[in-house]
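Work through the exercises below with the model open. Try each task before reading its solution.

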Amino acid sequence: MAAWGNQYIRADEKESGMPQGKQVATARANKPHRDHRANRLPGFYGMLQLSVRDLKGLRESAVCRACRATVNAALLVRAALIVASAVLFISAFGAAFGPQSSIPAVAVFVFILCVRFVGFNYAPRQNLLALLVVFAVLTAVPLLGQGAGPLARLALNIAGLAVVMVVGVDDPRMGNGGTYGFGYALLVGASYDAPLSVGQVPARLATMAAGFALCAAVYWRCRNRTAEAQAAAAARERGEERPYRTIVQALDEASLQNPKTRYHIRAALGISLAFFAGDVLGVERLMWMGLVGSSLLTPYATAVRDRIWWRVGFSAVGVALFCLVYPAAPPLVQAVFGMVVGMCCGLSGKYHWTQAFNTMGAMLLAQTMFGMGGAAFWRIADSLIAAAVVAAFSVAFNRGMSRLASDGETAV
């Protein structure tokens, strides 16, 4: 992106003989970006479809003030739309299915954002079947694990996460492994922290059924945007046949020699062990244990070393900021504090700062249950314990897989 602006500057510099620094200032002050006029930069709606990181890169590449202002406006509008949509979506689920639906609504909202662009790498109807399997696991495992002991929960979580990962995450590079791992940790952790009563089970089943229907409808509406559909279209343009894979083929391909399978196993075991450690140690918020595991176990093993410091360190930063800012904020700001933090998350393109803002949002709820001091202690303690468990497991797993792998490559 930056090359666009540099080419423009060099071309005008040759024509005008002006120094480059002065040319940049003049271009920003007086002219729209040439590539923007030529429709080489996306329009405002197109900008809203980009990630925060892409938008910030686009802003850096823009030469004129008008273009930069437009990108800044897109950043703000995008964040505001996501926050407003999330609030309305969760409120609508609450009105329809009761208080138990708030956590499932968060998971469904995140899934909807994912399936608009990332399918499961199967044929469209097979994608719907894979989505149904994922929702079935996310419905059954939390309910089955509510009254179980730590070992039974460990077995349930390993089996449930293995199914979700193998069936639902065919291409981990697309980021959907983190999305479904997050949803799993959210739903399972919430059921462990606050088990549903028998009378709430029908409402939970209805909530998950509605969530599946919404995700399926959004996927079907946007199915031509997904990576597998675009790859198939490109193959057809080249005159090639690109048959879609099936779920059965995905299961047949599972092997310890396959890096994708090793990621599936690593994520399933790592998140399950984080829950197990919290179960055994009696931590107050098991949900946080699972969320730490899901955020650290990316498809790339080296990311654990980087993310562990960001996760633990910026969780502490988020706790400190919350303890300083929230009590001093006026009542009106406290009333909308969750939305303000959500806007900050929507404007952040860095993992560590997003983690700090997410922690502030988590503290907002936790301090009503444990008090400010208790919420701060458990947030940091859970992060430290889960990060230590996941890091130790990841090192042991990667060493074990590197010994088993016939190619000698480090397992991912």
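Helices (H or I, at least four residues) and strands (E, at least two) are DSSP runs, numbered from the N terminus. This is a predicted model: local features need pLDDT of at least 70, side-chain atom pairs count only at pLDDT 80 or more, and totals for chains, interfaces and linings use all residues. Residues are numbered from 1 along each chain as its sequence is written, and side-chain values use heavy atoms, with hydrogens and water left out.

**Exercise 1.** How many helices and strands does the protein chain have?

Solution. Count the runs: there are 19 helices and 0 strands. Then check burial (under 20% relative accessible area is buried, over 50% exposed, in between partly exposed; 1.4 Å probe, protein chains only). Buried residues make up 45% of the 412 residues.

**Exercise 2.** Find the salt bridges in the whole structure.

Solution. Apply the cut-off: a side-chain nitrogen of Lys or Arg within 4 Å of a carboxyl oxygen of Asp or Glu. The search gives 3 salt bridges.

- Step 1. Arg-153 pairs with Asp-279 at 3.0 Å, N to O. Arg-153 sits in helix 9 and Asp-279 in helix 14, 126 residues apart.
- Step 2. Lys-260 pairs with Asp-170, with the closest N and O atoms 2.9 Å apart. Lys-260 is in helix 14 and Asp-170 in the loop between helix 9 and helix 10, so the pair ties together parts 90 residues apart in sequence.
- Step 3. Arg-285 pairs with Asp-193, the closest N and O atoms being 3.9 Å apart. Arg-285 is in the loop between helix 14 and helix 15, Asp-193 in helix 10.

**Exercise 3.** Is Asp-193 buried or partly exposed?

Solution. Asp-193 has 24% relative accessibility, so Asp-193 is partly exposed.
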